Amino acid sequence: MRLYAMVAAGGFRRFATYRVATAAGVFTNSVFGFVLSYTYIALWDERPRLGGYSMDDALAYVWIGQALITVCGLMGGGFEDELIERIRTGDIAVDLYRPADLQAWWFSANAGRSAYQLLGRGVAPMALGALVFDFTLPSGPGRWLAFLLAVALGSTVGFALWYLVAMSAFWLLDGQGVVQVAWLGGLFFSGMLLPLNVFPGALGELARMLPWASLLQVPADVYLGRYGTGRELAGAYAFQGCWALVLLGAGRAAQAAATRKVVVQGG
């Protein structure tokens, strides 16, 4: 465990060195936050209580999305390109022979990255949005803690999704096609463009059942207090936890198959 804690700390420090990139990310997230905020204001003026959200809730949803875009990997995990490149070049063979679990290593590094992104690129845009717009804030510290737990689970699901995407490079000539499909899935089915509660009928029900809902929709609804009872909140966490276990298990199975492939080819 100490090894993986050190890897996580290294992941935090690694991204903390890119201060200019962080500042550029804060600026970009803030700009998109303003664009989406005024779009939502126009939409909610025409359709009050759309998706069950008030105007204040909708604006909060916008800035939560901007805060979590890199934390939960809504449009990319932040590590999959590096992992795919190591698979493509064959350097992954060295990683597989190390006395450390590959998935746990990358999970730890991603945990450090996500923690930094939450502090470096998450807090500032949301604080700026709160200064400019009158949006919903949690009613107390308990709600904040519940939100942070949902974010942690969402980040885990995001890692598991992108790790599985990266593992596909063992069997494909180029993993970028799978990356693009996953990117589009995250953009649409996470609720990045519009809350999934707005999606009509069967499409909305399907979207809310997919793992991408764990990345933004569930944390946002926890933040907004839409899970009224402890049982409902536990159900939201269970939804995220189940997807995390399923996807991490699928990633581990893919890793085991890849390891056998490397051993056979090496022999």
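1. The largest cavity is lined by Leu36, Tyr40, Tyr61, Val62, Gly65, Gln66, Gly191, Met192 and Leu216. About 40 Å³ of space lies inside this cavity. The count by this rule is 1 cavity of 30 Å³ or more. A cavity is a set of points, on a 1 Å grid over the protein atoms alone, where a 1.4 Å probe fits but cannot get out; a pocket is an open set with protein on both sides within 12 Å along at least five of seven lines; lining residues have an atom within 4 Å of a point. Grid points are joined across faces, edges and corners, and a volume is the space filled by probe spheres set on the points.

2. This is a predicted model: local features need pLDDT of at least 70, side-chain atom pairs count only at pLDDT 80 or more, and totals for chains, interfaces and linings use all residues. Residues are numbered from 1 along each chain as its sequence is written, and side-chain values use heavy atoms, with hydrogens and water left out.

3. Which helices each supply at least two residues of the lining of the largest cavity? They are helix 2 and helix 3 (55-68). Helix 3 gives the largest share, 4 residues. Helices (H or I, at least four residues) are DSSP runs, as are strands (E, at least two), numbered from the N terminus. By class, the cavity lining has 6 nonpolar, 3 polar and no charged residues. Here Ala, Val, Leu, Ile, Met, Phe, Trp, Tyr, Cys and Pro count as nonpolar, Asp, Glu, Lys and Arg as charged, and the others, Gly among them, as polar.

4. The largest pocket has a volume of about 300 Å³. Its lining has 19 residues, and the closest to the pocket centre are Arg14, Glu82, Trp105, Trp106 and Ala109. Helix 1 (2-16), helix 4 (80-89) and helix 6 (102-132) each give at least two lining residues. Helix 6 provides the largest share, 6 residues. The lining divides into 8 nonpolar, 4 polar and 7 charged residues.

5. The second largest pocket holds about 250 Å³ of space. Of its 15 lining residues, Phe32, Gln66, Ile69, Met75 and Met192 are the closest to its centre. Helix 2 (19-46) and helix 6 are the elements that give two or more residues to this lining. The largest share, 5 residues, comes from helix 2. The classes are 8 nonpolar, 5 polar and 2 charged.

6. Helix 1 has 15 residues, which at 1.5 Å a residue should span 21 Å; its end C-alpha atoms are 21 Å apart, which agrees. The expected span is 1.5 Å times one less than the number of residues. Its buried residues are Val7, Ala8, Gly11 and Phe15. An α-helix has 3.6 residues a turn, so residues three or four places apart point the same way. The face turned away from the buried side carries exposed Arg2, Met6 and Arg13. Buried means under 20% relative accessible area, exposed over 50%, partly exposed in between (1.4 Å probe, protein chains only).

7. What covers the buried residues of helix 1 includes helix 2 and helix 6. Ala109 is found in helix 6. Leaving aside neighbours within four places in sequence, Ala109 is in contact (heavy atoms within 4.5 Å) with Val7, Ala8 and Gly11. Ala109 is partly exposed, with a relative accessible area of 22%.
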